[in-house]
Amino acid sequence: MPQNCYHPSVEGAQHGGKSLADFLAYAKKAGAEGAQPSNYMLQGGKLFKSAKEIQGAFEKGKMKLDGISAHCPFWVHTTAWTGSPTVRPFLPAEIAKKSPEQIEKWAEDYLLALLDLCAELGVKIVPMFWGVAFGWEVATGYPWGFWKGGDYDLLKEGAERFRKKTARLRQRANSLGLFLAHEIHPGTAAMCADDFNQIVDACDGDKCLAVNADPSHCWEGEDWETRFRKVADRVYACHVKNFVIRKNVPVRKMAPDWPDRAMQFVDIGTGDLNMTRYAEMLIHIGYPQRYCKVMKTKTAPLIVEAESAFRDLDATSANGIGFVRDNLCFPIAAGSFEEGMGA
């Protein structure tokens, strides 16, 4: 019988108001088979709940543990050096008041403990994104760059900064057999495929540097197929999310409120992207095969992420889970369709 290579799953970061148990119950009711809780949902005790307690919650909820979303603390870790106040919403109040150096050290220690927990749970693939290691000037991507002068080179300095600041985290990940799956994303250390390959080169091809594919961030000239084929052999994780660009609204307009922005995340079925083609491409570049081999599973998750300026977040995720279940978890071909032709 033909077999599926995917199962529907959901990320927990946007559902942070729920406890782990409540999130899993919600995800199950919405039709997901697995879930990717955020690091915050696992906090408890001195820092984190025990692996036994977390595993127990998933067993009770009859859900697969598909990964742990660690985007926020990783972004804080590699952005703190800039002194930006934007790291504060992701920190305990007493830590947010500290110096950039102290915040970075706290984030590194927090992440080392989180990586240890991931290994204990058998989670070998950690979806995340690195922060603004190259500085805010370069993160704008604007051609009025002046990124290099007689006494400075922001790209060269950024590559070295990334290599040094991430060294301990990469070493721990490698020692535990983990893959740190960067979501190529505006305002991070790698905003396109070429950026990501640049940080890999800066770290001498470190094998733990992986990619979390998300096509909804491909809205400034690099389409999703170009992006993920350029980094194909490093795609170990994925999100399923869609978007539209509002006509005649500047993408870089300084609009603090989501409804006013040009780029809008939308429900999977009505955005600008064909998500069936995306799911097929992920098979072609080896994502489900890679995930299943590393995580020792029979299927790989297609992870819905609830982001919408207009629709309730629970409704957004439920709608996305249903779309993935009904449209993207299809039986895969076991051979060429030509084999069934002829006499």
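The following legends describe close-up views of a predicted model.

**View 1. The largest cavity and its lining.**
A search of the whole structure finds two cavities of 30 Å³ or more. The largest cavity holds about 60 Å³ of space. Its lining is formed by Val240, Lys241, Val266, Asp267, Ile268, Val304, Glu305, Glu307, Thr316 and Gly320. Four of these residues are nonpolar, two are polar and four are charged.

**View 2. The second largest cavity and its lining.**
The volume of the second largest cavity is about 30 Å³. Asn39, Tyr40, Pro73, Phe90, Leu91, Trp106 and Tyr110 line this cavity. By class, the lining comprises six nonpolar residues, one polar residue and no charged residue.

**View 3. Helix α11, residues 275-284.**
The buried residues of α11 are Met275, Tyr278, Ala279, Met281 and Leu282. Viewed down the helix axis, these buried residues fall within an arc of 160°, and they therefore line one face of α11. At the N-terminal end, Asn274 caps the helix, with a side-chain oxygen 3.1 Å from the backbone nitrogen of Thr276. Just after α11, Gly286 adopts a positive phi of about 95°.

**View 4. Val324 in helix α13.**
Helix α13 spans residues 313-328 and includes Val324. The relative accessibility of Val324 is 0%, so this residue counts as buried. When residues up to four places away in sequence are not counted, Val324 touches Pro8, Val240, Ile268, Leu302, Val304 and Cys329. Among these partners, Val240, Ile268 and Val304 also belong to the lining of the largest cavity shown in View 1. Val324 and Met275 are 49 residues apart in sequence, and their C-alpha atoms are 9.1 Å apart in space. Met275 is itself one of the buried residues of α11.

**View 5. Thr166 in the loop between α7 and α8.**
Thr166 is located in the loop between α7 (154-165) and α8 (167-176). With a relative accessibility of 0%, Thr166 counts as buried, because the limit for that class is under 20%. The side chain of Thr166 forms a polar contact of 2.8 Å with the side chain of Arg170. Leaving aside neighbours within four places in sequence, Thr166 is in contact with His77, Thr78, Trp130 and Cys203.

**View 6. Asp204, a residue other than glycine with a positive phi.**
Asp204 occupies the loop between α9 (193-202) and β10 (209-213). The phi of Asp204 is near 55°.

**View 7. Lys296, which has a positive phi although it is not a glycine.**
Lys296 lies in the loop between α12 (287-295) and β14 (300-304). The phi of Lys296 is about 60°. Lys296 has a relative accessible area of 74%, so it is exposed.

Conventions. Residues numbered from 1 in each chain as written. Predicted model: local features only at pLDDT ≥ 70, side-chain atom pairs only at ≥ 80, totals over all residues. Heavy atoms only, no water. 1 Å grid on protein atoms, 1.4 Å probe; cavity = no way out; pocket = protein on both sides within 12 Å on 5 of 7 lines; lining within 4 Å. Points joined across faces, edges and corners; volume = space filled by probe spheres on them. Nonpolar A, V, L, I, M, F, W, Y, C, P; charged D, E, K, R; others polar. Buried < 20%, exposed > 50% of the residue type's maximum accessible area, 1.4 Å probe, protein only. Helix = DSSP H or I, 4+ residues; strand = E, 2+ residues; numbered from the N terminus. Arc of directions from axis to C-beta. Polar contact = N/O pair within 3.5 Å; in protein donor to acceptor, adjacent residues only side chain to side chain. Contact = heavy atoms within 4.5 Å.
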